[in-house]
Amino acid sequence: AKLKSWESGAALVKNTKVDNQYLEHIRATHDPSLHVKTIEDELKGTIGKALGKQGEKVLMYLRAMEQERVQYFQLLEDNEVTDPKIQKTVEKHNQYRKDCLQARWELIVHRQAVGFIVGNHKYVM
């Protein structure tokens, strides 16, 4: 049976003969002397937090895009289309959109890394 990411991660954390920068970072947070199942549970919690933060990042950019969209339409009511404020608002919206797409891609990658592979794109889109 194929190990889940947290199971193989816990085994690597426990095996102090294996050494790399990533494992040292995890060992600084998760004590390798703990029982493997305890380490697995802690890693699942860490993975869950990371996925949550990534999801919040996507939502943050979506909210920022919406604010710029609302501001754009407000500016159109009171200004000429050529007003630099309108152009600036459009540029900010477009940058937030690029950032949001990048954050969404990162969320998909994180989800795949921890084993969410069936319907992953459909769920995140």
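Glutamate 68 lies in helix 3, and what follows describes a predicted model. With a relative accessibility of 6%, glutamate 68 counts as buried, because buried means under 20% relative accessible area. Once its neighbours within four places in sequence are left aside, glutamate 68 is in contact with Thr89, Lys92, His93 and Tyr96.

Which residues make up the largest nonpolar core? This core has eight residues, namely Leu51, Val58, Tyr61, Met65, Cys100, Ala103, Leu107 and Val114. Helix 3, which spans 36-78, and helix 4, which spans 84-113, each supply at least two residues of the core, and the largest share, four residues, comes from helix 3. As a general background, nonpolar side chains in soluble globular proteins tend to be buried together.

A pair of aromatic rings is described by the distance of the centres and the angle of the planes. The count of aromatic pairs in this model comes to two. Because tyrosine 61 lies in helix 3 and tyrosine 96 in helix 4, the pair ties together parts that are 35 residues apart in sequence. Tyrosine 72 and phenylalanine 73 also form an aromatic pair, one that is edge-to-face, with 5.2 Å from centre to centre and 75 degrees between the planes.

| Residue | Relative accessible area | Class |
|---|---|---|
| Tyrosine 61 | 16% | buried |
| Tyrosine 96 | 25% | partly exposed |
| Tyrosine 72 | 26% | partly exposed |
| Phenylalanine 73 | 42% | partly exposed |
| Methionine 60 | 40% | partly exposed |

Methionine 60 lies in helix 3, and at 40% relative accessibility it counts as partly exposed. The C-alpha atoms of methionine 60 and tyrosine 96 are separated by 9.3 Å, although these two residues are 36 residues apart along the chain.

Tyrosine 61, in turn, is one of the eight residues of the largest nonpolar core.

Notes: Residues numbered from 1 in each chain as written. Predicted model: local features only at pLDDT ≥ 70, side-chain atom pairs only at ≥ 80, totals over all residues. Heavy atoms only, no water. Core = buried A, V, L, I, M, F, W, Y, C linked by side-chain atoms within 4.5 Å. Buried < 20%, exposed > 50% of the residue type's maximum accessible area, 1.4 Å probe, protein only. Phe/Tyr/Trp six-rings, centres within 6.5 Å; stacked < 30°, edge-to-face > 60°. Contact = heavy atoms within 4.5 Å.
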